[in-house]
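Please look over this model with me. My notes follow the display.

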Amino acid sequence: KVYSDYFFDEPVFDLHDGGYVPLSLPDVPEKPLTIPAVLQPDRVEGNDVWYTVTARAGETQILPGVKTKTWGYNADLLGTTIVLKDGVHYHVHIENQLPEVTTLHWHGLNVPGPITDGGPHAPVYPGKSRDIDFTLDQPAQTDWIHPHPCPNTARQVWNGLAAAVVVQDEIESQLPFPRNYGVDDIPVILQDRTYHENQLDYEADYDVDGTLGKYPLVNGTINGVFQVTTQRVRLRILNGADRREFRLHFGDQHQFTQIGSDGGILPAPVHLTKLMLTAAERAEVIVDFGEYKPGDRVQLFSDDVPLMTFEIGTFAPDDTVLPEHLVDIADWQPTSGLAIEKTVMSGMDDEVRLDGKLFDMQRIDRKQKLGDVVDWEVTNTNEMDGGMIHPFHMHGCHFLVLSRNGQAPYPNEHGFKDVVGVNAGETVKIRVLFDVPGVFMYHCHILEHEDTGMMAQIEAYDPDHPQTYHLLSMDEM
Ligand code: C2O
Ligand code: CU
Ligand code: CU
């Protein structure tokens, strides 16, 4: 079966929003798609690996003419891709060379909160550094790093801070997937920006409901071209936008296969011609270019705007057939005797609230015991008419999507996720398990909603090892 549907409710797509900024491709020459370099370790000793991640300012040739001032991780813009392996002990030295406080959040890594995880309680002050370490214990997936200082996440991401994280494990490495980074396995980081005489101006473009930009960027490139040199190419797609939804399809409706989502490989491949990603969602897809001939060009679109071009070269035939079953998904059964956790995302503009409240860094909003499997109902109370999708994200864990308004989840939501787009008027039921302790954020991933305060904190605790957390206040950021 091939799905040709975005699945989400059309009346609440972002293009119906009053402040919608349509995408357009500026009249600029094509250039090679930027493929971020892979971050090299400072040191490797047995099972221990040391990295340095530096948040810094730089300059990038994005449009013709003067270069754009941008921010990045070990790079002028975005950042170097970090490849991590399940089971390895990582030591990360985080340096802040920016003129303001930032944090380094590992979106999708199940590492302890609130410090290692890099939320707002882990500030790295300008000119200073912080050292963290963790042993990775999770399946292969595509994650990302981004800043999380309260309330400046949206602006810092807008300025360029975001990079892909590739997690590898023993199971994924046995599957017949392309995995030659930069050749047949590439990050596709989707964003949108507006430039003012080639410079970013977050205040000028700010929208409290989520800042949108005019031009689409893929890995920081406008009008990028990727040379296809293998029949199959694996795209690790990340919606890295502050707010925009990307509704992806190829210009000729070429079919592709989704093999992974936020929390890892899907139980079975899903064949699609259209794919919608809300803010911070990821999808790994395999595109088979076997039916094209050298010189053909295929464009990836969002709605009716091309984002980038694949230029077909010569390649050896590849007749790999994906297995119908990819990975086993743990069969979590809810811990008996526990009530359903209910959380409500309400409002739009500066009225957005989570459970009727604004974020307070010193308030722990709820607790969940480590190892408990708890069902949550996540409700978006917006009206279907004139409302919007709020992408709900949790730190420190992954969850399973059980249902949407009592109906089956979308066909590509059968794996673990950490972001789920909740339609207006919808209740999404998810199944949540924490296996690392800490105080963790959960929030709407429209970054301006998060910064406004559509965010709360949960403590994942071990009753046998109670911990006390020193929670910072906003003034200490
Ligand atoms: Cu992408 Cu609170 O995170
Ligand atoms: Cu996160
Ligand atoms: Cu929201």
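The points below cover the domains, the copper sites, the cavities and the pockets.

1. Ground rules. This is a predicted model, where local features need pLDDT of at least 70, side-chain atom pairs count only at pLDDT 80 or more, and totals for chains, interfaces and linings use all residues. Residues are numbered from 1 along each chain as its sequence is written, chains are lettered from A and ligands numbered from 1 in the order in which they are written, and side-chain values use heavy atoms, with hydrogens and water left out.

2. Domains. The protein is divided into domain 1 (2–13 + 177–312), domain 2 (29–174) and domain 3 (341–476). These bounds come from an automatic or database domain assignment. The centres of domain 1 and domain 3, taken over C-alpha atoms, are 25 Å apart. In all, 31 residues of domain 1 are in contact with 29 residues of domain 3 (contact means heavy atoms within 4.5 Å).

3. Copper ion, ligand 2. Its protein donors are His-105 (NE2) and His-393 (NE2), lying 2.0 Å from it. Donors are N, O and S atoms within 2.8 Å of the metal (3.2 Å for Na, K and Ca); water is not among the atoms, so sites may look incomplete. His-105 lies in strand 9 (residues 105–107) and His-393 in strand 28 (residues 390–394), so the pair ties together parts that are 288 residues apart in sequence. Strands (E, at least two residues) and helices (H or I, at least four) are DSSP runs, numbered from the N terminus. Both His-105 and His-393 are buried (under 20% relative accessible area; exposed is over 50%, partly exposed in between, with a 1.4 Å probe and protein chains only).

4. Copper ion, ligand 3. His-390 (ND1), Cys-444 (SG) and His-449 (ND1) are its protein donors, lying 2.0 to 2.2 Å from it. Along the chain they follow the spacing H-x53-C-x4-H. His-390 is in strand 28 and His-449 in helix 3 (residues 447–452), so the pair ties together parts that are 59 residues apart in sequence. His-390 counts as buried, at 0% relative accessibility. His-449 is also buried, with a relative accessible area of 0%.

5. On a 1 Å grid over the protein atoms alone, a cavity is a set of points where a 1.4 Å probe fits but cannot get out; a pocket is an open set with protein on both sides within 12 Å along at least five of seven lines; lining residues have an atom within 4 Å of a point. Grid points are joined across faces, edges and corners, and a volume is the space filled by probe spheres set on the points. The search finds three cavities of 30 Å³ or more. Of its 13 lining residues, Met-276, Leu-277, Glu-281, Asn-412 and Lys-417 are closest to the centre. Strand 20 gives the largest share of the lining, three residues.

6. Second largest cavity. This one holds about 60 Å³ of space. Where does it lie? Domain 1 and domain 2 both give residues to its lining, so it lies between them. Among the lining residues are Trp-158, Arg-193 and Tyr-195.

7. Pockets. The largest pocket holds about 420 Å³ of space. Its lining has 25 residues, with Gln-138, Pro-139, Gly-263, Ala-330 and Phe-416 nearest its centre. The second largest pocket has a volume of about 310 Å³. Strand 21 gives the most to its lining, with three residues.
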